[in-house]
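This report describes one protein model for a reader who has not seen it before. Look over the sequence and the structure first, then read on.

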Amino acid sequence: MSHDPDGLRDDQWERLRDLIPGGRAGQRGPRCDNRRFVEALLWMARSGGRWRDLPERLGDHQAVKRRYYRWIERGVLDGVLAALSAEADLEWLLIDSTIVRAHQHAAGARLSKGGRNAQGLGRSRGGLSTKIHVACDALGDPVRLLLGPGQQNDMAQAHALIEGLSPKAVIADKGYGADPLHDAILDAGAEPVIPPRRHRRRPHAYDRHLYTERNRIERFFAKLKQFRRVATRYDKLLANFRGFVLLAAIAISLA
């Protein structure tokens, strides 16, 4: 049984077990309970709570916090999502972005931690914010996530979202209708399914029926923002906030 009623199901943990470092038995027994640790991180992501609010049943909050930061430095969560997305259905690739408003406490990272360069914060409508750029597969599961300041144009990360992937079609809204991206998609052997902007003199043709499938990435964003630590950014450092975005994406992939 799961350690927590709102934690991982047994079948979900089975998919994660071999992707999680540490926790193996040594001379003095297991170093840590990996499942409880992952469930502690998911509680943080879902609740939006402070580290000190972590329920005791999920471990000591200071120990969980320290290990989470080590995972961020080592890219553990990137590896887990990459392993899960290796099973992606790349008949289509859907790309889009969403803006997350930052709490006032997210501002003011210390210079010793990188200062403004490590924050990834920008001003958009509504104040300080961060933008999450996402590529999803044909099932609406996340394949790639990139973050930047809230005012960043969607095209700034568009090429990086599709680089190295081999879908049959790339579906995106008209904000991605620039010629360089259209040509890059064709060069990759995929079909661009992107409606043109009204002002274009020579609009590209696109499959209107297939374009209706773009709602899958909108549904992904709706699921992503059910995680309160993602829906509002509290972390001062972009890397730490991105960790919670990755956690939420992993949970969605396992659902």
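Which side chain makes a polar contact with the side chain of Asp96? The partner is the side chain of Arg214, at 2.7 Å. A polar contact here is a pair of N or O atoms within 3.5 Å; within protein, one must be able to donate a hydrogen and the other to accept it, and residues adjacent in sequence count only if both atoms are side-chain atoms.

## Basis of the model

This is a predicted model, in which local features need pLDDT of at least 70 and side-chain atom pairs count only at pLDDT 80 or more, while totals for chains, interfaces and linings use all residues. Residues are numbered from 1 along each chain as its sequence is written, and side-chain values use heavy atoms, with hydrogens and water left out.

## Overall layout

The protein chain contains ten helices and nine strands. Helices (H or I, at least four residues) and strands (E, at least two) are DSSP runs, numbered from the N terminus. Of its 255 residues, 47% count as buried. Buried means under 20% relative accessible area, exposed means over 50%, and partly exposed lies in between (1.4 Å probe, protein chains only).

The protein chain exposes about 13600 Å², and carbon and sulfur atoms supply 46% of that area. Accessible areas come from the Shrake-Rupley method with a 1.4 Å probe; for residues, only the protein chains shown count as cover. Among contacts with a separation of 6 or more, 62% are between residues 24 or more positions apart. Contact means heavy atoms within 4.5 Å.

## Asp96 and Arg214

Asp96 lies in strand β3 and counts as buried, at 5% relative accessibility. Leaving aside neighbours within four places in sequence, Asp96 is in contact with residues including His133, Asp173, Tyr176, Arg214 and Glu218.

Arg214 is in the loop between α7 (208-211) and α8 (215-224). Arg214 is also buried, with a relative accessible area of 15%. A polar contact of 3.1 Å joins its side chain to that of Glu218. Beyond four places in sequence, the contacts of Arg214 are Leu94, Asp96, Ile171, Ala172 and Asp173.

## Strand β3 and its partners

Strand β3 (residues 92-102) is mostly covered, with nine of its eleven residues buried. Two strands pair if DSSP finds at least two bridges between them. β3 pairs with strand β5 (residues 127-136) in the antiparallel sense over eight bridges; in β5, Cys136 is the bridge partner of Leu94.

β3 runs parallel to strand β7 (residues 169-171), to which three bridges join it. Val170 of β7 is the bridge partner of Leu93. β3 also runs parallel to strand β9 (residues 232-233), with two bridges, and Thr232 of β9 is the bridge partner of Arg101.

## Nonpolar cores

In soluble globular proteins, nonpolar side chains tend to be buried together. A nonpolar core is a set of buried Ala, Val, Leu, Ile, Met, Phe, Trp, Tyr and Cys residues joined through side-chain atoms within 4.5 Å. The largest nonpolar core has 54 residues, and Ile132 and Leu224 have the most contacts inside it. Helix α10 (residues 238-254) gives the most to this core, with twelve residues.

Not counting residues up to four places away in sequence, Leu224 touches Ile132, Val230, Val245, Ala248, Ala249 and Ile252. A second, separate core has 15 residues, including Leu93, Ala158, Ile162 and Ala190.

In α8, Ile217, Phe220, Phe221 and Leu224 are buried. Seen down the axis of α8, the buried residues fall within an arc of 100°, so they line one face of the helix. The arc is that of the directions from the helix axis to the C-beta atoms. The cover over the buried residues of α8 includes β3, β5, β6 (142-149), α9 (228-231) and α10.

In helix α6 (residues 179-187), the residues Leu181, His182 and Ile185 are buried. Their arc, seen down the axis of α6, is within 105°, so they line one face of the helix. The exposed residues Pro180 and Asp187 are on the face turned away from the buried side of α6. The cover over the buried residues of α6 includes β3, α5 (158-162), β7 and β8 (191-193). Just after α6, Gly189 takes a positive phi of about 80°.
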